[in-house]
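Me: I would like to go through the labels used for this model, one by one. Please set each value against its cut-off.

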Amino acid sequence: MFEIYEKMVNEAIAAQKADVETIKKNRGGNFKVTDTKAYLDVVNKMGVADGQSKSVIDLHVDSVNAHYSTLSNLTDTVRPEDDPFVEHYQTPAVLEILYEEDETFKKSTDKFIEAIGKSEALIGKEVVRRYGGFYGPTCVVDFALIPGSTSNIVNQILKGVDIPLKHKQALLSAKSWGMNTSYGIGETFAKQVESGATLTKAIENEIDMIKRIYESPIDAQTELMNAAGHESFDVNKYMLNYKKKMEKTVKNAVDDGVHYGNIVTVPAYCVGDISHHIAQSTYNMCKDDMIMAVIEATTAVMESTLKKAIPSFKSEYQPLSLATGSSACAVEYILELDGFNAPMIVSLLTERFHNYVQLYADRGAAAELHNCDFMDMIYRGWNYLDKARRMKNGSGEPLEPNVAGFKVDLEPLNQNEVLMNPQRYAYPACAISVRFSSLMRLADYPCLLTSEPVTATMMTNIIAMHKESPASPARVCKDCASASLVDFRHDYCQWKEAV
């Protein structure tokens, strides 16, 4: 198994570093789609180890290639307002391929759509709760089943539908890790209520929208993007071209017995680096030296920690846990350098959320989703660091947090010239909030800290070893930061009830 662990680590770190190095080279400049070729080149080096399904690896590699070629044929660049959606065009196309290939799956989807129409009470309750901020900060497109998330609501509906379990799991996956359109449940309701519609009419239109994204995914996504004012390229052309390029790969995965839940998810999560993580918005954000240093140093912590642990791994899930755990420790450590910690920030951002709801009743469904990712990450890191500080006590030894039995190497943070010299980036005698303020920018965009390219690459490797089991959404308690420290919402979670 050593070869698998080494492969997972090397491929994941290569993906992360392709992003980071490209961003550092181009930050402050003008983004071109061709800038992302460094990430494409890394993906094209992904191999198939013993015990892995080639068809799963192909879903990842072929999707990134189809995405890059399709996008670069449609546009030279992508404006910041449009870049979050580039990873939302794959699952609609893949779903439609499955509809055409498997009549039984299409019939199951039709039954599910019928059930959506009969779930007025459930959907009405959930959209009212999201609109009013009942659940506190929540991630509407969470990859888990947290309260207020689309996955949570879809799961509640699916439980009562009489269709094969595998089809239920595929439909659930398609709106969790697989992003079947950019729609987050509750968006239509909020907009319509604020525009003067009756609650009855707003819920009716909400239900129609939810049904639409499963009835005609490509058309629905096209309509959503047109309504959002998307300008960078023709999204309908993108999805039709992508669909054509991916038909053979999807059919091969079906023939190979890959769970449909994996087929609808693997192609989506891996493409975001091309024109989203490597994008104009990232170039603009990373003009700030401290923000760039946070991303670089966190990457160095991940790389050092993972490479030291390779000989000791005993399960393919450990590299993923250590990758995300080490980056969580790194970011919490940076936060603590300025005298802050996760409980303080979770309280701050949760309180801010409730004010934000009142200020912006028609806020986008996704508004606080990355704040949630950030809070969950630092809360996890704080738990590790808190234990490590207690064990260190007054010994003067280096701080070495432990994640799942593996030591996290925080030394790259201490060696980072920018991080350790905040006085160069503010009034020197009072530079006590520089790192914190940079982290607050990253709280809106922590994708390279959590890290998405690392997680996507490792998850594909794991799924390739377990092709018959749906990998998404995560069927575990997410240990949500706000629910653990501020809000009382555990009763509304669905992680134990996942289909």
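Reply: First, a term: a pocket is an open set of grid points with protein on both sides within 12 Å along at least five of seven lines. The model is a predicted one. Its second largest pocket holds about 230 Å³ of space. Of the 14 residues lining that pocket, the closest to its centre are Glu400, Lys407, Val408, Asp409 and Leu410.

Me: What makes up the lining of the second largest pocket by class?

Reply: Seven nonpolar, two polar and five charged residues. Helix α16 gives the most, with three residues.

Me: Why is the pair of phenylalanine 134 and tyrosine 492 called edge-to-face?

Reply: The ring centres are 5.5 Å apart and the planes are at 70 degrees. Pairing needs centres within 6.5 Å, and edge-to-face needs planes over 60 degrees apart.

Me: Why does phenylalanine 134 count as partly exposed?

Reply: Its relative accessibility is 45%. Buried means under 20% and exposed over 50%, so a value in between is partly exposed. Tyrosine 492, at 31%, is partly exposed too.

Me: How do you know that lysine 106 sits over the ring of tyrosine 99?

Reply: Lysine 106 lies over the face of tyrosine 99, at 5.5 Å from the ring centre. The distance limit is 6 Å.

Definitions and conventions:
Residues numbered from 1 in each chain as written. Predicted model: local features only at pLDDT ≥ 70, side-chain atom pairs only at ≥ 80, totals over all residues. Heavy atoms only, no water. 1 Å grid on protein atoms, 1.4 Å probe; cavity = no way out; pocket = protein on both sides within 12 Å on 5 of 7 lines; lining within 4 Å. Points joined across faces, edges and corners; volume = space filled by probe spheres on them. Helix = DSSP H or I, 4+ residues; strand = E, 2+ residues; numbered from the N terminus. Nonpolar A, V, L, I, M, F, W, Y, C, P; charged D, E, K, R; others polar. Phe/Tyr/Trp six-rings, centres within 6.5 Å; stacked < 30°, edge-to-face > 60°. Buried < 20%, exposed > 50% of the residue type's maximum accessible area, 1.4 Å probe, protein only. Lys NZ or Arg CZ within 6 Å of the ring centre and 35° of its normal.
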